[in-house]
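Please read the following briefing alongside the sequence and the coordinates.

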Amino acid sequence: MDGSRTGRRKGSVAVGLVAAGAGLLFATSATLFDDDADRSPTNLVDLARVETARLEDNEAEVAALRKERDALVAAQQPQTEPDPERAELMALAAGRTPVTGPGVVVELWDAPAPPDLSSSGLHPDDLVVHQQDLEAVMNALWVGGAEAMMIQDQRITSTSSVRCVGNVLLLHGRHYSPPYRVSAIGDPDALSAAVEASPGVQVYQQYVQAVGLGWSMEEAQAIDMPAYTGSLRLDHVRAAG
């Protein structure tokens with residue numbers, strides 16, 4: 001699941017996340033791992049496992065340091081009466097609060113390979129879900145007014161990083177294989193309409209018809225999303241002034 005289809009399918013690598021309910025502009029970074037080494041399935045699996053282990057270790061270390069920092073800051077700051085409503089909104093915008101509500105669930109999966117791929121005129125890249133396909137769905141859902149989003153079983157936040165190594169999705173220190181599930185809470189009709197109107201999704205739909213890539217979008221009355229418990233640290237973003 002790399003970021004291009006050999007020039008046949010084009011899409012933006014940047015993910016603009018518009019959270020209408022919170023009034024915030026989110027940016028989900030997309031990072032591709034370019035490597036001139038052997039890209040065989042065995043190496044890709046090993047690479048994904050190594051990267052996943054590294055991310056899990058980093059996440060655990062960051063969580064421990066964050067707890068120490070919060071304790072030190074709390075001890076040094078004067079006690080003030082908190083604003084419950086403001087705190088709730090901030091926690092919701094940061095994905096720190098479990099949420100539930102109506103919305104849509106989109107799933108994408110790879111196409112089956114024909115018996116003789118070489119004579120079919122297809123390229124292997126034509127048969128797999130790419131990072132830009134996921135990004136097109138995510139972008140459309142945010143534009144459609146998504147108030148919260150989840151990929152697979154993990155909550156998406158302003159600092160979430162979607163990474164692809166071969167046909168493996170890396171997210172928050174875990175790796176996943178297709179089918180990929182993107183869930184969004186919001187007005188189901190508005191979300192569905194935004195997805196259907198997305199140019200990137202429309203291109204993907206052409207491949208659904210042509211080569212059998214997987215696609216489904218269903219409305220749901222109640223989608224449960226867990227709170228995000230990882231780091232929200234920004235290392236490079238600074239306010240313009």
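The points below describe the fold in general terms and then turn to particular residues.

This is a predicted model, in which local features need pLDDT of at least 70 and side-chain atom pairs count only at pLDDT 80 or more, while totals for chains, interfaces and linings use all residues. Residues are numbered from 1 along each chain as its sequence is written, and side-chain values use heavy atoms, with hydrogens and water left out.

**Overall composition**

- The protein chain holds 6 helices and 10 strands, where helices (H or I, at least four residues) and strands (E, at least two) are DSSP runs numbered from the N terminus.
- Of the 241 residues in the protein chain, 41% are buried; buried means under 20% relative accessible area, exposed means over 50%, and partly exposed lies in between (1.4 Å probe, protein chains only).
- The chain exposes about 13,500 Å², of which carbon and sulfur atoms supply 55%, with accessible areas taken from the Shrake-Rupley method with a 1.4 Å probe, and for residues only the protein chains shown count as cover.
- Among contacts (heavy atoms within 4.5 Å) between residues at least 6 apart in sequence, 78% join residues at least 24 apart.

**Strand S3 and its partners**

- Because 8 of the 11 residues of S3 are buried, this strand is largely enclosed by the rest of the structure.
- S3 runs antiparallel to strand S10 (residues 214–225), to which 10 bridges join it, and strands are taken to pair if DSSP finds at least two bridges between them; within this pairing, Val106 stands opposite Met217.
- S3 also pairs with S9 in the antiparallel sense, over 6 bridges, with Gly103 standing opposite Ile185 of S9.
- Ser183, found in strand S9, counts as buried because its relative accessibility is 2%.
- Not counting residues up to four places away in sequence, Ser183 touches Val104, Val105, Ala148, Met149, Met150, Ile223 and Met225.

**Salt bridges**

- A search of the whole structure finds 2 salt bridges, each defined as a side-chain nitrogen of Lys or Arg within 4 Å of a carboxyl oxygen of Asp or Glu.
- One of them joins the side chains of Glu107 and Arg181 at 2.6 Å, N to O; Glu107 lies in strand S3 and Arg181 in strand S9, so the pair ties together parts that are 74 residues apart in sequence.
- Arg181, at 38% relative accessibility, counts as partly exposed.
- Asp153 forms a salt bridge with Arg174, their closest N and O atoms being 3.3 Å apart; Asp153 lies in the loop between S4 and strand S5 (154–155) and Arg174 in strand S8 (residues 174–176), so this pair ties together parts 21 residues apart in sequence.
- Asp153 is partly exposed, with a relative accessible area of 41%, and Arg174 is partly exposed, with a relative accessible area of 40%.
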